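I am opening a notebook page for this model and will go from the overall layout to single residues.

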Amino acid sequence: MFINFVLSAFGAMEEENVCSIYANQVDLGVEKDDVGVRGDRGRRFWMDISINIYLIQLVHGLVYGMLIFLVASGLTLVFGMMGVLNIAHAAFYMLGAYFAYTVAVYLGNFWLSFLLSPLIVAFLAILIERFLLRKTYKAGHLPELLLTFGFFYIFVELVIIIWGSNPLPVPVPALLAGDVPFMGKTYPIYRLFILGFSCVILLGMALVLMRTQIGIIIRAAVSDADMVDVLGHNVPVVFLGVFGGGAALAALAGVIAAPFLSTYPGMGMDMLLDCFVVIVIGGLGSLWGALVAALMIGALQSLGILWIPQLALVFQFLLMAVVLIARPTGLFGEKE
Amino acid sequence: MSRYGAFQIGGGGVAAVLLLFPIILPEIKIHLAIEILIFALLAVSFNLLLGYGGMLAFGHAAPFGVGAYAAALSCNHLPGMPLLVTLLIAALSGFVGALFIGFFCVRLKGAYFALITLAFQMFLFAAALKWRSVTRGDDGMGVVRPELYLPGLGSISLMNIHNLYYLTLVLVVVGIVACYLFLRTPLGNAVMCMRENDVRASFLGYDVFLTKLTVFSFAGLLAGLAGGLFVLFQEFVATTAIDVNRSFAALLMTVIGGTGHFLGPVLGAIFYTVFQDWISSLTKHWILFVGILFVIVVMYLEGGLISLLKWERIRVWVSGQKE
């Protein structure tokens, strides 16, 4: 399930291409034993190492947090505009990763999937929105949710039929393979690339949303779609664009996640649960809330597992329950 | 033939079929029938929330799983405990679990409510997975079906599948009837009133929080009973009793059957279980077909399968004449 990442983080400290499903918490013990063995040089050394572990884990957390944010941003915008909680969104992320695998293996060029995968997935998403989802708007929010739910099931099963249920490792592109020295340990370059790349995407998104005409319309539609409609903008078309764009972002997140987490059919469900938590903590419809919450969740998961490994499964849910009980609309949410 | 007469005949027919099932069906089908009965109870309790309360819960496996684990633990650790008391414990644990969860959840609405119930269910799932000394985690716990002692009849062995079928039938029918009667009370009406407009309901003087909490924990009671019966039937409990897929299965059954009618979820449970049994014998990718079915139902059959059985349609079909 969704713990795979948290668990894999430890495996990945040992070696890069460890498959996330098979990594488990035993690795934590290995890490500590390792430290203990070297600790005979003195207590001070031991402490340095343990602080470094926390720092490295924090960077892991940021990497995963940015990944969640890429997926959750589309989800939260779509919810803000139309009130659709798009469960199939996590399936778009999963499809993105699988397309990346296919492109990398059959076309031999991982970079091509940065272009192809989001395009295909966005096309798929636009078809679903235009021809199926749009018909259910008049019947309230429940049918929309259930429809995307059905699509989630369909996509997961199709992935199992087409690619099989075993995890498929996607090789890290040669340009980004290898490690850099970091805090007395080595750190895989590819993860730093994920961090940098998602920051670039975030900046691009912020520019589009804050500085362009279409961004203003989108933000206005998130806060009140009816009013924007009355003002003469074509809200259904804008929404179609946001839906497709969100799906493309999710697919892009899938592409960059593929060499990092490997592709497996459960990745959609893992991401779905994390995304739910993130958009709820951040407040449904709030982009900045999603960013803050995603980074919080990433850091919490990767640091939390060092403190209380038994609770690793539920850290994000614990945080979500606390936030919702204290602030029922999330950290940055405004309306019901 | 009046509508009432048709209902009497139909109800009598259904009762006769339910009672005669063990005699006319092979044993493997009785297993399927027991499963259907248990899931019917789960789906009806889910529809109490979704259809009547307008509360979409993603975590309905929580009370189900709590009931299942409570039944398994009391079977294993309290030898000599009468079977019906075990099932009562299961139902009450479901009730208490739902009361606790509901206390934090029912203030919230819509997607927030759905997701926080999911969060609580994930806590319980993690507890079942990690608290190995009690729940044995992934390995699950085997349970020996205790004997049912009834005054006047002596003890009845449940290893005989027919006896188990009748026990399940009686308890499920009691649960579903209790649910039906609950909805006819003023409290049940208040629940529906809150589904339509809870602000107005609170202006009318209803305590929205307390009413929603009551219906949430009552649904938990029934789900806990279903969980207890499920353990008795499977003679085994593992984390699958409380995972996300169980919650989603309850949702699928209820929506496929139809949320707008009291018996919709029952129909959904029958259809879902039989469909799954049939199609998983043909292909291991049965989830795909469930998903497609789900999309079709949402797109083209708004009221669910039960809307195919509307009285008007049946009358036209039976008498062969249109209005």
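Entry 1, overall layout. I note at the start that this is a predicted model. I went through the secondary structure of chain A and found 13 helices and two strands. I then looked up burial: 49% of the 336 residues of chain A count as buried. For contacts in chain A with a separation of 6 or more, I found that 72% join residues 24 or more positions apart.

Entry 2, core. I looked up the largest nonpolar core, which has 216 residues. The members that touch the most other members are A:Val71, A:Cys275, A:Val278, A:Met320, B:Ile38, B:Leu41 and B:Ile116. I took A:Val278 from this list and, leaving out residues up to four places away in sequence, found that it touches A:Ile68, A:Ala72, A:Ala290, A:Ala293, A:Ala294 and A:Ile297.

I checked where the chains meet: 31 residues of chain A are in contact with 29 residues of chain B. On the chain B side, the elements that give two or more residues are helix 5 (110-130) and helix 13 (286-300). Helix 5 of chain B gives the most, with twelve residues. By class, I have 22 nonpolar, three polar and four charged residues on the side of chain B that touches chain A.

I looked up the packing of helix 3 (residues 61-77) against helix 10 (residues 208-234) and got an angle of about 45° with the axes 7 Å apart. At that angle, helix 3 of chain B is oblique to helix 10 of chain B. Their crossing is right-handed. Among the residues that meet are B:Phe64, B:Gly65 and B:Ala68 in helix 3 and B:Gly220, B:Ala223 and B:Phe230 in helix 10. I sorted this contact by class: twelve nonpolar, six polar and no charged residues.

The crossing of helix 3 and helix 4 of chain B is right-handed. Residues in this contact include B:Ala70, B:Ser74 and B:Cys75 from helix 3 and B:Ala90, B:Gly94 and B:Ile101 from helix 4. The contact divides into twelve nonpolar, six polar and no charged residues.

I placed B:Tyr272 in helix 12 (residues 264-282) of chain B. I counted B:Tyr272 as buried because it has 27 C-beta neighbours inside 10 Å. Setting aside neighbours within four places in sequence, I found B:Tyr272 in contact with B:Leu252, B:Met253 and B:Ile256. I also looked up B:Phe39, which is 233 residues from B:Tyr272 in sequence and 9.4 Å from it in space, C-alpha to C-alpha.

I noted A:Ser262, a residue other than glycine with phi near 60°. A:Ser262 is in the loop between helix 10 (235-261) and helix 11 (267-282) of chain A. With 23 other C-beta atoms within 10 Å, A:Ser262 is buried. I noted B:Glu235 as well, with phi near 55°. B:Glu235 sits in the loop between helix 10 and strand 4 (236-237) of chain B. B:Glu235 has 15 other C-beta atoms within 10 Å and is partly exposed.

Methods. Residues are numbered from 1 along each chain as its sequence is written. Chains are lettered from A and ligands numbered from 1 in the order in which they are written. This is a predicted model: local features need pLDDT of at least 70, side-chain atom pairs count only at pLDDT 80 or more; totals for chains, interfaces and linings use all residues. Helices (H or I, at least four residues) and strands (E, at least two) are DSSP runs, numbered from the N terminus. A residue is buried if 20 or more other C-beta atoms lie within 10 Å of its own, exposed if 12 or fewer, and partly exposed in between; C-beta atoms are placed from the backbone. Two residues are in contact if their C-beta atoms, placed from the backbone, lie within 7 Å. A nonpolar core is a set of buried Ala, Val, Leu, Ile, Met, Phe, Trp, Tyr and Cys residues joined through C-beta atoms within 7 Å. Ala, Val, Leu, Ile, Met, Phe, Trp, Tyr, Cys and Pro count as nonpolar, Asp, Glu, Lys and Arg as charged, and the others, Gly among them, as polar. Axes are lines fitted to C-alpha atoms, for helices over the stretch in contact, and angles run from 0 to 180 degrees between N-to-C directions. Angles under 35 degrees count as roughly parallel, over 145 as roughly antiparallel, 65 to 115 as roughly perpendicular and the rest as oblique. A crossing is left-handed if the near helix is turned anticlockwise from the far one by less than a right angle, and right-handed if clockwise.
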